[in-house]
Amino acid sequence: MLNAEAALVTAFEICEEQRQAIPMPSVAASGQVLVNLPVIVAGKVALYNAMLAESKRKADMARLLNIAPMLVDRSLSFRHKSRIEQIETALAVLGRRLVVGVM
């Protein structure tokens, strides 16, 4: 469990390299342990999946957001310390909203 978050992030990076959607989290069955991800990582997963669903490339997002392509790369990098506002703005351009829940 100590490395679960890092392992998930690595799996997300592999999905991104292969241009595959990142699966949504499953509901925990009795006795299963959940891995909690930082909200910024969950937001980046949502952004990446939204871009795939809308057939948007990084260059398209840079144009839509009027930012340098390098900044889009950082926004999608699961290991980069982005600001959540950047993810919210990028999702809004795609007609999506980031909703955070507390359990």
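Helices (H or I, at least four residues) and strands (E, at least two) are DSSP runs, numbered from the N terminus. By that rule the protein chain has five helices and zero strands. Along the sequence, the pattern reads α-α-α-α-α.

The structure is a predicted model, in which local features need pLDDT of at least 70 and side-chain atom pairs count only at pLDDT 80 or more, while totals for chains, interfaces and linings use all residues. Residues are numbered from 1 along each chain as its sequence is written, and side-chain values use heavy atoms, with hydrogens and water left out.

## Overall form

The radius of gyration is taken over C-alpha atoms, and the globule rule is 2.2 Å times the number of residues to the power 0.38. For 103 residues, a compact globule would have a radius of gyration near 13 Å, and the 14 Å of the protein chain agrees with this. Along the principal axes, the C-alpha atoms of the protein chain fill a box of roughly 45 × 25 × 25 Å.

Of the 103 residues, 27% count as buried. Here buried means under 20% relative accessible area, exposed means over 50%, and partly exposed lies in between (1.4 Å probe, protein chains only).

Contact means heavy atoms within 4.5 Å. Among contacts in the protein chain with a separation of 6 or more, 75% are between residues 24 or more positions apart.

## Helix packing

Two packed helices are described by the angle between their axes and the distance between the axes. Axes are lines fitted to C-alpha atoms, for helices over the stretch in contact, and angles run from 0 to 180 degrees between N-to-C directions. Angles under 35 degrees count as roughly parallel, over 145 as roughly antiparallel, 65 to 115 as roughly perpendicular and the rest as oblique.

| Helix pair | Axis distance | Angle |
|---|---|---|
| Helix 2 (residues 39-53) and helix 5 (residues 84-93) | 10 Å | about 20° |
| Helix 3 (residues 58-65) and helix 4 (residues 69-76) | within 8 Å | roughly 110° |
| Helix 3 and helix 5 | within 10 Å | roughly 95° |

Helix 2 and helix 5 pack at an angle of about 20°. That angle makes helix 2 roughly parallel to helix 5. Helix 2 passes helix 5 in a left-handed crossing; a crossing is left-handed if the near helix is turned anticlockwise from the far one by less than a right angle, and right-handed if clockwise. On the side of helix 2 the contact is made by Val-39, Ile-40, Gly-43, Lys-44, Ala-46, Leu-47 and Ala-50, and on the side of helix 5 by Ile-84, Ile-87, Ala-90 and Leu-91. These residues divide into nine nonpolar, one polar and one charged. In this scheme Ala, Val, Leu, Ile, Met, Phe, Trp, Tyr, Cys and Pro count as nonpolar, Asp, Glu, Lys and Arg as charged, and the others, Gly among them, as polar.

The axes of helix 3 and helix 4 cross at roughly 110°. Helix 3 is thus roughly perpendicular to helix 4. The crossing of helix 3 past helix 4 is right-handed. Lys-58, Met-61 and Ala-62 of helix 3 make the contact with Pro-69, Val-72, Asp-73 and Leu-76 of helix 4. By class, this contact has five nonpolar, no polar and two charged residues.

Helix 3 and helix 5 are also roughly perpendicular to each other. In this pair, Met-61, Leu-64 and Leu-65 in helix 3 meet Thr-89, Ala-90 and Val-93 in helix 5. The contact of helix 3 with helix 5 has five nonpolar, one polar and no charged residues.

## Individual residues

Leu-64 is found in helix 3. Its relative accessibility is 44%, so Leu-64 counts as partly exposed. Leaving aside neighbours within four places in sequence, Leu-64 is in contact with Lys-56 and Val-93.

Ser-82 lies in the loop between helix 4 and helix 5. With 13% relative accessibility, Ser-82 counts as buried. Not counting residues up to four places away in sequence, Ser-82 touches Ile-40, Lys-44, Arg-74 and Ser-75. Ser-82 and Ala-53 are 29 residues apart in sequence and 22 Å apart in space, C-alpha to C-alpha.

Ser-55 is placed in the loop between helix 2 and helix 3. At 58% relative accessibility, Ser-55 counts as exposed. Phi of Ser-55 is near 55°, a positive value in a residue other than glycine. Arg-19, in the loop between helix 1 (4-17) and helix 2, likewise has a positive phi, near 55°.
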